[in-house]
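Open the structure in your viewer and keep the sequence panel beside it. The tour goes from one selection to the next and says what is there.

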Amino acid sequence: MVPPAPTSLTVSVWQGPAVSLDVPANVATCLQVVRDAAHQGAHILVFPELFLSGYCGAPVDMHRAALTVASVEMQAIGNAAKEGSIAVAVGYPERAADGRVFNSCAVWNCHGTLVRSYRKVNLWGEWEASTFAMGDASQLRAVDLTLRGGQSLKVGVLICYDLEFPEPSRCLAMDGAALLIAPTALGMGEVALVTPHCVVPTRANENHVFVLYSNLEGPQNAGSGAPFCGSSAIVGPNGRVLGRAPTQSKSKTGTLLIESIEVGGPEHTTSVARNPYIKEVKARLSDGFYEQYHTAKY
């Protein structure tokens, strides 16, 4: 769904390396980038998957690095969001009240209020499955994100492998999300070009959503041992790439992509008018057209 009136925003995605299992160092980087993005006028800033810990280490090490939503580290990021009047999304290992650890993405609004700690639904590979608990279906709900200037935007959150399935993005779009936040830790390999360059634009186009796709870079990847492939991107609702980071940043401080977008603007509404995917899917669901697939035995 598209908001009734255009919403002009400046959005940003950061790409860079995380320091393995050094939460204080990664938090310090996060706070500096938040200040930089706010200074450049960004309304929203997205960091990669598990950035606060790094995507690495034995399960026991990741569990030691896990943070609760009320930890001092998380409070510091919330305070930085408030001071900069910028919404911030960052990946981290979340320790729940029952002791389970999730691969999560925390989202603060421009007032520094934590509005979502999304728990990854589709865990990738043996390492993730042995390290994290899986988020449930309740995670696939859009949330209202308050932005600087009194603006509000309905957003959805997915993490890396989640975006490689069409259903999670579609669930969020059907729940009214106009923008998807997608922190990622994608390594070099057969899908290094396919996912960021083909899958991400497709998800944007088929759901009429903007996608803020933030990947790690650097040599460590617990899932495959390969270096991360970078290629973070800001993608428009017709699949057009508005900004793309390199595989490896030239700067040691990473790459900060910043782009202006207009949610509900001409590019957005034209995409919806030409191919009204969400409207058509809702109609087919309401008349039971796809029911045969829901009940089929595979």
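Select Arg-284 and Glu-280: the two form a salt bridge, with the closest N and O atoms 3.1 Å apart. This is a predicted model. Both residues belong to helix H8 (residues 277-286), where they sit 4 residues apart, about one turn of the helix. Arg-284 is partly exposed, at a relative accessible area of 25%, and Glu-280 is partly exposed as well, at 40%.

Asp-287 has a relative accessibility of 47% and counts as partly exposed.

Next, select Glu-267 and Arg-240. Their salt bridge has its closest N and O atoms 2.8 Å apart. Glu-267 lies in helix H7 (residues 266-274), while Arg-240 is in the loop between strand S12 (233-235) and strand S13 (241-244), so the pair ties together parts that are 27 residues apart in sequence. Glu-267 is partly exposed, with a relative accessible area of 28%; for Arg-240, also partly exposed, the value is 45%.

To see a network of salt bridges, select Glu-49, Lys-120 and Glu-128, which are linked in this way. The structure holds 9 salt bridges.

Select Val-211 and show its neighbours: leaving out residues up to four places away in sequence, Val-211 touches Leu-163, Leu-180, Ala-182, Val-200, Ala-204, Ala-233, Ile-234 and Val-235.

Move on to strands S4 (residues 101-108) and S5 (residues 114-119), which pair in the antiparallel sense over 5 bridges. Select Ser-104 to find Arg-119 of S5 standing opposite. The hairpin of S4 and S5 has 5 residues between the strands, and there Gly-112 takes a positive phi near 80°.

For the last stop, select Gly-149, in the loop between strand S6 (143-146) and strand S7 (152-157). Is Gly-149 buried or exposed? Gly-149 has a relative accessible area of 75% and is therefore exposed, the cut-off being over 50%.

Note on methods: Residues numbered from 1 in each chain as written. Predicted model: local features only at pLDDT ≥ 70, side-chain atom pairs only at ≥ 80, totals over all residues. Heavy atoms only, no water. Helix = DSSP H or I, 4+ residues; strand = E, 2+ residues; numbered from the N terminus. Buried < 20%, exposed > 50% of the residue type's maximum accessible area, 1.4 Å probe, protein only. Pairing = 2+ DSSP bridges. Contact = heavy atoms within 4.5 Å. Salt bridge = Lys/Arg side-chain N within 4 Å of Asp/Glu carboxyl O.
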